[in-house]
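Visitor: I would like to learn how to read strand pairing, helix packing and chain contacts from a model. Please take me through a case.

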Amino acid sequence: MQQSNYIIEVQHVSKRFGEKVALDDIHLNVKKGEFVTILGPSGCGKTTLLRLIAGFQTASEGTIKIAGEEITQTPPHMRPVNTVFQKYALFPHLNVYDNIAFGLKLKKTPQQVIEKKVKAALKMVGMTDYEDRDVDSLSGGQQQRVAIARAIVNEPEVLLLDEPLAALDLKMRKDMQMELKEMHQKLGITFVYVTHDQEEALTLSDTIVVMSEGKIQQIGTPMDIYNEPINSFVADFIGESNILNGTMVKDKLVHFAGHEFECVDKGFGEDMPVDVVIRPEDIYIFDPSDAAQLTGVVTSCIFKGVHFEMLVQTQEGYELMVQDYHSFEAGREVGLLVKPFDIHVMKKERTCNTFEGKMLDNTHVEFLGCSFECIAQEGLEAGDKVQVEVDFQHVNLQDNEEDGVLSGDVKFILYKGNHYHLTVFTDWDEDIYVDTNDVWDDGDRVGISIAPEHIRLNKL
Amino acid sequence: MRRRNWSIPYALFLLVFVVIPLLLIVWYAFTDEEGALTLSNFRKFMMHPEAMNTFIYSIGIAIITTLVCLVLGYPAAYILSQKQFKTSKTMVVLFILPMWVNILIRTLATVALFDFLKLPLGEGALIFGMVYNFLPFMIYPIYNTLQKMDQNLIEAAQDLGANPVKVFGKVILPLSMPGIVSGIVMVFMPTVSTFAIAELLTMNNIKLFGTTVQENIYNGMWNYGAALSLIMLLLIGIMSLFTNEEDSAQNESGGVI
């Protein structure tokens with residue numbers, strides 16, 4: 001067994017808070033000495049996962065092993081891990097020295113050894129001679145350094161960091177990132193780092209774990225995650241990207257934005273609907289010429305420091321984001337080109353909404369906890385179980401939630417070049433996916449309705 | 001009208017009801033019945049073993065009451081501050097509720113209860129009555145500090161290897177000191193000066209210092225009574241000075257005082 005290679009093994013772990021599922025069947029193995037970042041938007045379960053490893057919460061299901069030992073139910077003070085908290089959590093009644101010595105004193109370490117180790121830890125975080133300072137008199141950055149020193153002085157097998165830099169200003173954050181990376185190399189211990197900042201994750205990590213809604217979306221090196229995102233969520237969350245609907249015509253040929261493009265992906269089958277991801281820096285922009293694959297008009301051009309960020313409306317009606325060192329001011333006609341290698345094709349997770357439903361009578365079907373009118377169909381009777389299919393573009397959203405058959409919250413918005421792809425979390429705990437040209441905001445309360453002719457029924 | 005003028009009524013109030021009475025106490029304490037300056041009132045207190053004994057006894061009772069309140073109140077405050085109670089304030093209100101009833105009525109009720117249970121009135125009843133009356137003053141400030149405590153600190157201590165006993169001893173207890181100090185002051189100060197509870201719960205058998213002061217004033221010995229009041233005031237003043245220092249050193253507000 002290769003088991004001994006892994007310092008942390010998370011197997012089948014789920015965590016529920018009442019009805020709410022915070023973590024759903026998580027598998028994660030971390031190699032010794034790795035710098036692993038758990039990345040995701042707020043509420044995705046990343047902090048919960050860290051707290052399960054630290055022991056502040058216990059898993060509803062599954063096992064967690066550290067260094068080969070099962071510790072799923074072990075209380076936090078008996079685990080070989082130490083945590084750096086987002087809000088530092090330094091003890092206000094102790095000075096810097098006593099804060100750092102806290103863990104060592106509990107282990108009954110001899111006085112001289114404590115002194116030596118505290119000094120070494122302070123040196124490691126660049127805070128020599130701060131021993132006698134009151135923690136309240138330190139700046140945020142200094143407090144976080146002390147918090148890191150307090151954790152590493154115990155020489156844990158694993159250091160857990162819960163968004164440790166989130167409360168610092170940008171400049172300080174960048175400096176601390178570099179220092180953390182150096183520290184990781186010097187100490188040689190495993191770091192598990194939680195953040196919602198994708199840039200931080202790309203900068204620091206050996207491995208990134210992208211999470212969303214209590215599930216792991218993708219695990220990989222920063223390069224893998226950036227260049228080969230596994231689905232549209234990861235592509236959208238990591239870096240800027242253009243995500244478009246496309247069709248895989250055949251191997252190495254994909255159709256999107258009204259044209260066919262050569263690409264390097266294969267094995268999707270013929271005429272398969274796919275998501276196409278193109279990073280804005282991978283699109284070449286120039287004055288219209290024969291080399292152009294697409295032509296369009298620049299609608300906005302913003303200076304971003306290193307590069308310009310431009311939005312181009314193509315002739316076919318798609319909006320693409322382009323980044324380039326040269327500026328093409330708004331209103332100018334341009335040509336665009338993408339190299340085959342830079343076109344990333346991803347399998348669609350779904351091509352339409354599917355639900356399980358039940359016929360109420362000839363013209364009514366129940367799914368998503370509500371009754372919908374549908375067109376009478378031969379061979380279906382009241383009580384029959386059916387599979388319901390609804391195309392994304394045929395789900396109607398209304399401002400006024402009373403107008404819909406049921407209501408829900410908009411929770412994930414993806415711009416697909418010429419329309420928005422929304423995930424709406426319904427009040428019956430199921431997601432419905434919607435394509436729309438209307439602009440909605442994250443968290444909007446909406447009413448949902450579906451016209452009878454757009455409900456397709458298949459007997460199960 | 002300038003804003004500072006708004007404070008005039010309050011200043012007047014303080015002058016008439018706080019400053020002048022205080023000055024009068026001091027004046028009476030240092031004069032005899034003819035109004036001549038003298039230290040005889042204090043000499044009388046020092047020479048008079050009964051008054052001195054009552055004084056020491058009162059402080060003893062106050063210390064016992066405070067300690068009992070602390071021992072009973074801290075766990076109560078701790079339990080109340082736990083997560084499961086934070087949502088419903090019912091328990092806290094129930095603890096505070098007796099304070100809404102007048103202290104004399106509460107004490108009379110205690111007397112009736114002791115009579116009903118055929119328990120003897122006396123020292124035990126006195127301490128029971130004091131604890132019953134002043135326990136909320138101990139619980140509330142401690143509850144306040146515990147409730148505001150950053151939960152992360154407890155987790156940090158666990159994370160660094162502290163078992164539940166160590167977490168309490170090294171983090172929770174030191175951080176709740178401001179609340180404890182507030183609670184001690186709020187219980188100790190009124191128990192030193194109380195007399196109604198002692199009168200009712202001991203059938204006037206046990207005298208507290210407050211009773212002595214009251215008796216002297218009642219019997220027209222204003223000068224001696226004033227001197228005794230002044231001694232008590234000084235004691236309480238020294239107590240609160242000590243706590244103020246403690247508070248600023250801790251730099252962690254959260255108590256009531």
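Guide: Start with one residue pair. In this predicted model, A:Val10 has A:Ile64 of β4(A) as its bridge partner.

Visitor: How many bridges join strand β1 of chain A to strand β4 of chain A, and do the two run parallel or antiparallel?

Guide: The general idea is that strands of a sheet pair through backbone hydrogen bonds, either parallel or antiparallel. Here β1 (residues 6-17) and β4 (residues 61-66) of chain A run antiparallel and are joined by 5 bridges.

Visitor: Which strand order does the open sheet have?

Guide: The sheet has 4 strands in the order β2-β1-β4-β5 (chain A), and the pairing is antiparallel. At its edges are β2 (20-31) and β5 (69-70) of chain A, each of which pairs on one side only.

Visitor: What does the secondary structure of chain A come to as a whole?

Guide: Chain A has 30 strands and 8 helices. Its C-alpha trace spans about 85 × 60 × 50 Å along the principal axes. Of the 460 residues in chain A, 38% are buried. For contacts in chain A between residues at least 6 apart in sequence, 65% join residues at least 24 apart.

Visitor: How many residues of chain A are in contact with chain B?

Guide: The size of an interface is often given as the accessible area lost when the parts come together. Here we have residue counts: 18 residues of chain A are in contact with 17 residues of chain B. On the chain A side, β6 (81-84) and α2 (96-106) each supply at least two residues. The most come from α2(A), with 3 residues. By class, this side of chain A has 9 nonpolar, 6 polar and 3 charged residues.

Visitor: At what angle do helix α3 and helix α10 of chain B pack?

Guide: Read a helix pair by its angle, its axis distance and its handedness. Helix α3 (residues 49-81) and helix α10 (residues 177-193) of chain B pack at about 145°, and their axes are 9 Å apart. The crossing of α3(B) past α10(B) is right-handed.

Visitor: Which residues make the contact?

Guide: From α3(B) they include B:Ile61, B:Ala62, B:Thr65 and B:Cys69. From α10(B) they include B:Gly183, B:Ile184, B:Val187 and B:Phe188. By class, the contact of α3(B) with α10(B) has 10 nonpolar and 6 polar residues, and no charged ones.

Key. Residues are numbered from 1 along each chain as its sequence is written. Chains are lettered from A and ligands numbered from 1 in the order in which they are written. This is a predicted model: local features need pLDDT of at least 70, side-chain atom pairs count only at pLDDT 80 or more; totals for chains, interfaces and linings use all residues. Axes are lines fitted to C-alpha atoms, for helices over the stretch in contact, and angles run from 0 to 180 degrees between N-to-C directions. A crossing is left-handed if the near helix is turned anticlockwise from the far one by less than a right angle, and right-handed if clockwise. Two residues are in contact if their C-beta atoms, placed from the backbone, lie within 7 Å. Ala, Val, Leu, Ile, Met, Phe, Trp, Tyr, Cys and Pro count as nonpolar, Asp, Glu, Lys and Arg as charged, and the others, Gly among them, as polar. A residue is buried if 20 or more other C-beta atoms lie within 10 Å of its own, exposed if 12 or fewer, and partly exposed in between; C-beta atoms are placed from the backbone. Two strands pair if DSSP finds at least two bridges between them.
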